Amino acid sequence: YSWGIVGSAFNDWGATADGKMTYDPYSDQWRTMITLKEGEMKFRLNSDWTVNYGDTGANGTLDDGGDNIKVTGGKYLVTMNLIEKTYTLLPVTNLWGLVGDATPNGWDGPDVPMALDYSQYAADFDTKGIWVAKGVVLKTGEMKFRANNAWDVNYGDTGADGSLEGGGDNIKVTAGTYDIVLDFSGSTPTYKLTKK
């Protein structure tokens with residue numbers, strides 16, 4: 001089974017696919033990084049209304065068939081705890097991705113999305129989080145890490161030493177399938193490309 005986010009804040013109440021949530025076995029919760037519009041949302045099972053949760057009273061508690069959850073537009077880490085029947089929507093500054101002529105969509109994007117590594121989850125995930133992209137097929141070429149499919153915040157590797165600098169040099173890669181890690185947990189951002 002799968003849980004997802006549905007509503008005017010995401011997919012016009014099911015006009016397109018629900019926002020898929022991923023089970024986090026480390027905390028026994030469901031999570032997703034998602035961009036929401038101003039509007040309302042609910043959680044539902046298997047893209048069907050038979051089982052759905054809202055929040056009657058707007059107190060962070062899940063209620064079976066409860067009221068729609070009002071949201072302000074923005075990027076969020078959404079967490080749903082089915083044991084405690086609670087949820088949270090935490091604002092996210094940056095959603096990270098890969099861009100470049102080595103990536104499937106080139107320098108114009110959209111970027112290859114990266115996901116927060118929940119096994120290394122830090123409360124301050126926005127500045128200390130570890131982001132991963134697994135099984136990424138790259139061509140021989142160059143790439144960078146950037147936030148929100150825009151050039152305002154981007155990282156490259158000047159000196160090709162594994163540490164990242166804001167606006168740094170493009171990262172050269174050879175063709176192959178990679179697991180890629182972007183690590184903000186230390187004093188300097190780092191990255192790792194592991195060829196499979």
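In the predicted model considered here, Pro110 is located in the loop that runs between strand E11 and strand E12 (112-113). The peptide bond leading from Gly109 into Pro110 is cis, with omega near 5°.

Further backbone features of note occur in other loops. Asn149, which lies in the loop between E15 and E16, has a positive phi, near 55°, in a residue other than glycine. With a relative accessible area of 44%, Asn149 is partly exposed. The loop between E15 and E16 also holds Asp152, which at 76% relative accessibility counts as exposed. The C-alpha atoms of Asp152 and Gly166 are separated by 9.9 Å, the two residues being 14 residues apart along the chain. Ala160, in the loop between E16 and strand E17 (165-166), likewise adopts a positive phi, of about 50°, although it is not a glycine. Ala160 counts as exposed, its relative accessibility being 67%.

One is built from four strands in the order E3-E4-E9-E10, and its pairing is antiparallel. Asn81 stands opposite Thr86 in E10. The hairpin of E9 and E10 has four residues between the strands, and in this hairpin Lys85 takes a positive phi near 55°.

The other open sheet also consists of four strands, here in the order E13-E14-E19-E20, with antiparallel pairing. Its edges are formed by strand E13 (115-116) and E20; each has a single partner strand, so one side of each is left without a neighbour in the sheet. E19 and E20 run antiparallel and are joined by six bridges, and the bridge partner of Asp183 in E20 is Thr190.

In soluble globular proteins, nonpolar side chains tend to be buried together. The largest nonpolar core comprises 27 residues, of which Trp96, Leu98, Met114, Trp131, Phe145, Ile180 and Leu182 touch the most other members. Two or more residues are given to this core by each of strand E11 (96-99), strand E14 (130-138), strand E15 (141-147), strand E18 (171-173) and strand E19 (176-183), and E14 gives the most, with four residues. When neighbours within four places in sequence are left aside, Leu182 is in contact with Trp96, Met114, Gly129, Ile130, Trp131, Phe145, Leu164 and Thr190. A second, separate core of 18 residues includes Tyr53, Leu62, Val78 and Tyr87.

A search of the whole structure finds ten aromatic pairs. In one of them, the ring centres of Trp96 and Tyr155 are 5.7 Å apart and the ring planes stand at 45°, so the pair is tilted. This pair links distant parts of the chain, with Trp96 in strand E11 and Tyr155 in strand E16 (residues 154-156), 59 residues apart; both Trp96 and Tyr155 are buried. Trp96 also forms a tilted aromatic pair with Phe184, at 5.1 Å centre to centre and with 40° between the planes. Here, too, distant parts of the chain are linked, as Trp96 lies in strand E11 and Phe184 in the loop between E19 and strand E20 (190-195), 88 residues apart. Phe184, like Trp96, is buried.

Charged side chains are also found over aromatic rings. Arg31 lies over the face of Tyr118, at 5.3 Å from the ring centre, and Arg44 lies over the face of Trp49, at 4.6 Å from the ring centre.

Notes
Residues numbered from 1 in each chain as written. Predicted model: local features only at pLDDT ≥ 70, side-chain atom pairs only at ≥ 80, totals over all residues. Heavy atoms only, no water. Pairing = 2+ DSSP bridges. Core = buried A, V, L, I, M, F, W, Y, C linked by side-chain atoms within 4.5 Å. Buried < 20%, exposed > 50% of the residue type's maximum accessible area, 1.4 Å probe, protein only. Contact = heavy atoms within 4.5 Å. Phe/Tyr/Trp six-rings, centres within 6.5 Å; stacked < 30°, edge-to-face > 60°. Lys NZ or Arg CZ within 6 Å of the ring centre and 35° of its normal.
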